Amino acid sequence: MSHNCNLFLLSIWFILINSSCQQKEKALFRLLSSTETGVNFNNLITDNDSFNILTYEYIYNGGGVALADFNNDQLIDIFFTGNMVSNRLFLNKGNFQFEDISEKAGIEAADSWCSGIATVDINSDGWEDLYVSTNTHADTNLRRNLLFVSQGLDSSGIPYFVEMGSEYGLADTSYSMNAVFFDYDNDLDLDLFIIVNEMHDLRNPVKYRAKKIAESRIRVDKLYQNNWNDSLAHPFFTDVSKQAGIDVPGYSLGVNITDINQDGWQDIYISNDFISNDILYLNNQDGTFEDVAKKYFKHTSHSAMGNDVMDINNDGLVDIITLDMLPEDNYRRKTMMGPGNYMSYINNRKFGYDFQFVRNTLQVNRGENPVEESMVFSDVSFLAGISATDWSWSPMVADFDHNGYRDLIITNGFPKDITDRDFTDYQADIHRYAPKRLLLTKVPEVKLTNYAFRNKGNLKFENVSQKWGIDVPSFSNGSAYADLDNDGDLDYVVNNINDPAFIYENLLLNHSKESSHYLRIKLKGPKENPHALGTKLSLYAGADQIYYEQNIYRGYLSSIEPTIHIGLGSHIQVDSIEIIWPDLTKSMVPKSEVDKVIYLDFNQMDKVSDDNPRLGKELSTPWLARYSPLTAVASKHEEFDYVDFNVQPLVPHKFSQFGPGLAVGDINKDGLSDLLISGSALKSSQILLQTKTGGFIVDSLEKTDAERRHESLGALFFDADLDGDDDLYMVSGGFEFPLEDSFYLDRFYRNNEGRLELDLSVIPQFHQSGSCVRAADYDRDGDLDLIVAGRVLPHKFPKPCSTILLENQLEKGELRFAIANETTAPELNDVGNVSDITWSDFDQDGWIDLIVAGEWMPISVFRNMMGSLVNITSKTGLSDQIGWWTSIIPGDIDLDGDVDYVIGNFGKNMLFQASDKFPVGIYANDFDKNGGFDAILTAFFPSTDGELVEYPVHGRSDFAKQINKIKDTYTSHDLFARAAIDEILNLPESEGTLAYRANQLASVWIENRGEGQFKLHELPLEVQVAPIYGGIILPGHQDQGAQLLLVGNDFGTDLFTGRCDAFNGLVLEYGGEYSFKSLSIAESGFYVPGDAKSMVMMITNGRPIFLVGQNQGDLLAFQSSTDGHFMSIALKPNDVLIKYELDNKMRREEAYYGSGFLSQSQRTILLPRDARNIVIVDYQGETRNVSSDTFSNENILN
């Protein structure tokens, strides 16, 4: 029995080992040992009492890699820079065998602290040279950058070099991190840009100071111009930094060259460490540059390391990846990340800094800004799944698996983590007394595996680190890729601290060739630019476009091979290749076979001159254009920066930053629509009265300080007293005062012959912070009733609020509203934290129903049972979808004759993701019994063993702002980081604890399937980049489906998450079969970059104008630039439904008093121009026919 058992266990062991070996064999990469390759480089760094991480913070910034063919034998060789060790050069002998020729080559530079490496043929003699950046040493003689100029081969066939930095004018001593060669003045020779990073003892790198042009030139990058010198018979470089406008100081770590705006001139992107902002130097085409980073990016990484600029999503536009230090697992986050500090937001504005957040950023290029000369970028790193890779250095972006999309491999690690929270606390306590050696023993190391992400398309990445064999813990810095064995796939090389360098063999083409096609392109440029740096290519295969800009300086401190490598997936042919050469001439390769290397020679190819420095098709005129008459007179929305986090530190976002609301009505009964823009606390709401000439007269609603004290949000024009003019209801919101304060009382303004006069006697008083207000005749008694959304109980989030139903009890001209919750809608009491509501007859029974959306709630459906509102959510198919719902935008999306609904949500581009299995949570109670209300946000993060566990989102320091005694319970960050939420809050034993979970953060549309049934569909990924608030649905016409215009963002999110700012407005066209087409900004002309909250439609000069309200931003207005597709029908106050025929199908549109977050559009319905058999129905079911044949041109809209 025992013998058989042993045999069985042995068999199982062999099976497991065999299975493991098979899995390892199938990995994309195989790590080759130094014994196999002969590459034994180790960037060994030894600290001591006087030189260590505490005395020199950059001791572990590491070295780089350069991959190039130094002996012209068609094999790529490897060069490593060393910090405390010598540089090493390894000659490729084939089959991954390398020979160390460092000493013979003369490149060791043993006395220099070498970092970045740029390969270049400096003298155009056909041999690769090396330019090495040096730093650290105080002695300038040891800090001169080194130019190793190749002398060809010695008698043994070994390439050797002579250091000639001074002879070429390149012996720079500026604490250089790295350098790149490029042609900034388009004269066809290569100039030089050097990034500088000097840790100056007298300047705290994290202290805010007024941003200004550097005068001392300390920590300012350098630009050198290449000028041929006849007497030297080679180029000589001249420092032109100051006259070129290179004048922004920083702590530069990464640099990339790109034509960011596609104007044919090379620009410079620099990623900066510490508080200094990243820099984007735009080439002015006259020898000067301008930093336009603030104009191009809404935020960047905080401690930015290496970067790469590459087209990630194959749209022909370059995107930017920048690395930072956000850890992936909970333990590292809690022990590394410091507390949030709202003063950083305030100081950013005060001192002119751009916003920065601790995470990797993936800045997706959205194309040209239609308003000003710039490009539009959105950070989607959370959505893409690449935001958190810990202490990261080098991003390598290339198609390693040949699926047609570029993947991402990231190096990380740090030998001494001085950011560890327990260490910093310890150091703060005893640093004056403890010797350095004792302190150093308390610093933890961060030896981590590098990250590999496979690009699956559509901006989604899969973590394949283990699957691809990138799984050895290391302290990795610079990296580069090349085809080292000439087998057609990309191998990968890494420079490590205190460990042998990594050489990974790519095994892709050993496994699969049928769907792993590729094309390699070798460019030969002008004589002075032999690798044709700056050349742009667009490759077309089937419906796919792959764009590339020739640049060999990528990642961190490193140079890749000069051969362009394109993965093609299953394509067996390239249809064409378009090329723009460095002189801006164009060439075309009509067709190419795949799985080969092709050679393109600048001097041999046919070229044509073209004024257009871009590749691809020219776009037609966009659909929408800015409309200025209205926006020119409206004041910018202003908001007092109240800090909600000072009251409830751990809430996910602010509640005091939701305005402005927009409402359209006819205040003075002149037949023209007027606009109201609700004002924030202490600011008056604006009224814009339209004139017959299309102009606007500006007035204020609130006339006294007492009226202006309120935070006005939702506004609604409606005829409350049936006297034929528009009265006004204003909702008070915000978070600034305790609940019992009159700050939160709503207001009613009666229209008295065109004057809006405050009349508080008409409405009941109730205390809560509201959101929107909607009107409908829900009881069919002939007057308009109201419903007011309860958004939050101030200082007590997430306690549920009541949404208030106000019954209009107009009788004999006496107007009064009464709360009808108890008699008509008791389930609206404590329904939740409601963001938006809409009246809609979803079941088409003639009684207007109610749909409610809010935070930590399901999308709730209330059926109108002949005047009583009954919650039927549990029967609709929506009850299990709990979200942070922000808005409801109704309309017939799928053109099936009933009303569907777009439901805004916070989206998927957030620090945490939500699902059924791993929801986002919030727990609330007075846990510390101090009379407050503690709200604790939670999410599932990886534990130290990789298991997803529910932890608090915030770290110990932030948590203590809400529950101070946590410091006594968990005396260290280490202990707190190991504790799950149930242990911290003693769940489930805590009595009276509110517990909510959200499993759906995507914005969706819900399909109305009839009979009270709905189906939820996620909106396209372009919608999920930020919260959605305002929006409009235009009815489909001709062969085109419904159009959705959406706006959003939320700049008031918590400090740890950072601003949700990736949305720029979007137009979607429904294409049938539950699919949408997303229009680019260039196609739509619709560009809304700010903290957009509300959106309405009004008609001006016979055109529909779309207006957008932005928090602390300008009012935006858009009008159509195309011929009219719609006709307009003015509605009566009691109209609720429009039925019509189009394409032999009956359709229906509802008429709303308010739709979308804080929004009320003009009471005019837009119908397709070809609509026929139009019938309008009122709340009582009375109908009237409208003949489209009688419409005048005034009804036809553009």
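Four strands make up an open sheet in the order 42-74-73-72, paired antiparallel; two strands count as paired if DSSP finds at least two bridges between them, and strands (E, at least two residues) are DSSP runs numbered from the N terminus, as are helices (H or I, at least four). This is a predicted model, in which local features need pLDDT of at least 70 and side-chain atom pairs count only at pLDDT 80 or more, while totals for chains, interfaces and linings use all residues. Residues are numbered from 1 along each chain as its sequence is written, and side-chain values use heavy atoms, with hydrogens and water left out.

- Strand 73 (residues 1103-1111) and strand 74 (residues 1116-1120) run antiparallel and are joined by 4 bridges.

- Another 4 strands form an open sheet in the order 19-20-22-23, with antiparallel pairing.
- Its edge strands are strand 19 (307-310) and strand 23 (375-379), and each pairs on one side only.
- From one strand to the next, the twist averages 20°.
- Inside that order, strand 20 (residues 319-322) pairs with strand 22 (residues 361-368) in the antiparallel sense over 3 bridges.
- Thr322 has Thr361 of strand 22 as its bridge partner.

**Covered strands**

- Strand 48 (residues 727-733) is mostly covered, as 7 of its 7 residues are buried; buried means under 20% relative accessible area, exposed over 50%, and partly exposed in between (1.4 Å probe, protein chains only).
- Asp727, Tyr729, Val731 and Gly733 point one way from strand 48, Leu728, Met730 and Ser732 point the other way, and all are buried.
- Strand 10 (residues 176-182) is largely enclosed by the rest of the structure because 7 of its 7 residues are buried.
- Strand 10 and strand 11 (residues 191-196) pair in the antiparallel sense over 6 bridges, with Leu192 in strand 11 as the bridge partner of Phe181.

**Two buried residues**

- Val132 lies in strand 7 (residues 129-134) and is buried, with a relative accessible area of 0%.
- Leaving aside neighbours within four places in sequence, Val132 is in contact (heavy atoms within 4.5 Å) with Phe79, Thr81, Asn87, Cys114, Gly116, Ile117, Asn145, Leu146 and Phe148.
- Val132 and Tyr556 are 424 residues apart in sequence, and their C-alpha atoms are 13 Å apart in space.
- Ser769 belongs to strand 51 (residues 769-776) and is buried too, at a relative accessible area of 1%.
- Not counting residues up to four places away in sequence, Ser769 touches Ser732, Gly733, Gly734, Tyr744, Gly790, Arg791, Val792 and Pro794.

- The structure holds 15 cavities of 30 Å³ or more; on a 1 Å grid over the protein atoms alone, a cavity is a set of points where a 1.4 Å probe fits but cannot get out, and lining residues have an atom within 4 Å of a point.
- The largest cavity has about 400 Å³ of space, a volume being the space filled by probe spheres set on the points, with grid points joined across faces, edges and corners.
- Of the 25 residues lining the largest cavity, Ile1033, Glu1150, Tyr1152, Ser1161 and Ile1165 are the closest to its centre.
- Strand 60 (887-891), strand 68 (1028-1034), strand 77 (1145-1150) and strand 79 (1164-1168) each supply at least two lining residues of the largest cavity, and strand 68 gives the most, with 4 residues.
- The lining of the largest cavity has 13 nonpolar, 7 polar and 5 charged residues; Ala, Val, Leu, Ile, Met, Phe, Trp, Tyr, Cys and Pro count as nonpolar, Asp, Glu, Lys and Arg as charged, and the others, Gly among them, as polar.

Notes: On a 1 Å grid over the protein atoms alone, a cavity is a set of points where a 1.4 Å probe fits but cannot get out, and a pocket is an open set with protein on both sides within 12 Å along at least five of seven lines; lining residues have an atom within 4 Å of a point. Axes are lines fitted to C-alpha atoms, for helices over the stretch in contact, and angles run from 0 to 180 degrees between N-to-C directions.
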